[in-house]
Amino acid sequence: MIKRLFLLVALASLVLTACGGQTSSVTPTQRTIYMAAVEPKGTTAAASEPFPGAALPEGGGYILKAPDKDGNWSIETYRFEPNQVIVNQGDVVTLEIVGINGKEHPFSIETYGSSGVIKRGQLTRVTFTADKAGVFKINCGAHLPSMTAELIVLPKN
Ligand SMILES: [Cu+2]
């Protein structure tokens, strides 16, 4: 009888372990993510690197400038840095975004509805509770498609 009970407990323990019986709940916390609106830029001389003729996607996110009077051409793009924000469901999240390049960036967070305008030299903060799990776009309306970040909310269970 005792031997049979021991086997049953051992079997139950094995099944729980195999099925991931431990719960992986993470305590929701308050988090601040520090971001920046930036504009990497590259310039070169057409004499050493021919100007690329192919057009880039429209939307303001890419700016390809033809050679100037000195024969220099440039390419630039607007970005969120970082462009992926990973939080746990239930976290109270503050995005604190500094404007480095570009006069302003009107942005919104898909599904969450939070929005704001990032201005050069200023901090813009949006705070929300990450109550919906999934992947959500953070878009700048002035610089698509490149100025897009992802809010990744990991599910509670
Ligand atoms: Cu922008």
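Okay, a definition to start: a residue is buried here if its relative accessible area is under 20%, exposed if over 50%, and partly exposed in between, with a 1.4 Å probe and protein chains only.

Quick housekeeping. This is a predicted model, so local features need pLDDT of at least 70 and side-chain atom pairs count only at pLDDT 80 or more, while totals for chains, interfaces and linings use all residues. Residues are numbered from 1 along each chain as its sequence is written, and side-chain values use heavy atoms, with hydrogens and water left out.

On to the fold. We've got 1 helix and 12 strands; these are DSSP runs, H or I of at least four residues for helices and E of at least two for strands, numbered from the N terminus.

Now the metal. Which residues hold the copper ion? They are H105 through ND1, C140 through SG, H143 through ND1 and M147 through SD, at 2.0 to 2.4 Å. Donors are N, O and S atoms within 2.8 Å of the metal, or 3.2 Å for Na, K and Ca; water is not among the atoms, so sites may look incomplete. The spacing of the donor residues in sequence reads H-x34-C-x2-H-x3-M. H105 sits in strand β8, residues 104-109, and M147 is in the loop between β11 (134-140) and β12 (148-154), so this pair, 42 residues apart, links distant parts of the chain. H105 is buried at 0% relative accessible area, and M147 is buried at 0% too.

As for geometry, the angles among the 4 donor atoms run from 95 to 129°, and the site comes out tetrahedral. For four donors that label needs all angles between 85 and 135 degrees. The ideal angle for four tetrahedral donors is 109.5 degrees.

Staying with β8: this strand pairs with β9, residues 115-119, in the antiparallel sense over 5 bridges. Pairing takes at least two DSSP bridges between two strands. F107 stands opposite G116 in β9. The hairpin has 5 residues between the strands, and T111 there takes a positive phi near 70°.

Next, charges. The structure holds 7 salt bridges, each being a side-chain nitrogen of Lys or Arg within 4 Å of a carboxyl oxygen of Asp or Glu. One of them is R31 with D91, closest N and O atoms 3.4 Å apart. R31 lies in strand β1 (residues 30-38) and D91 in the loop between β6 (84-88) and β7 (92-99), so the pair ties together parts that are 60 residues apart in sequence. What about cover? R31 is partly exposed at 26%, whereas D91 is buried at 0%.

Another is K65 with E76, at 3.8 Å between the closest N and O atoms. K65 belongs to strand β3 (residues 62-65) and E76 to strand β4, so parts 11 residues apart in sequence get tied together. K65 is partly exposed at 40%, but E76 is buried at 6%.

K137 and E150 also meet in a salt bridge, 3.8 Å from N to O. K137 is in strand β11 and E150 in strand β12, so this pair connects parts 13 residues apart in sequence. Through shared partners, salt bridges join K41, K65 and E76 into one network.

Terms used
Tetrahedral: all angles 85-135°; square planar, octahedral: opposite > 155°, others 65-115°.
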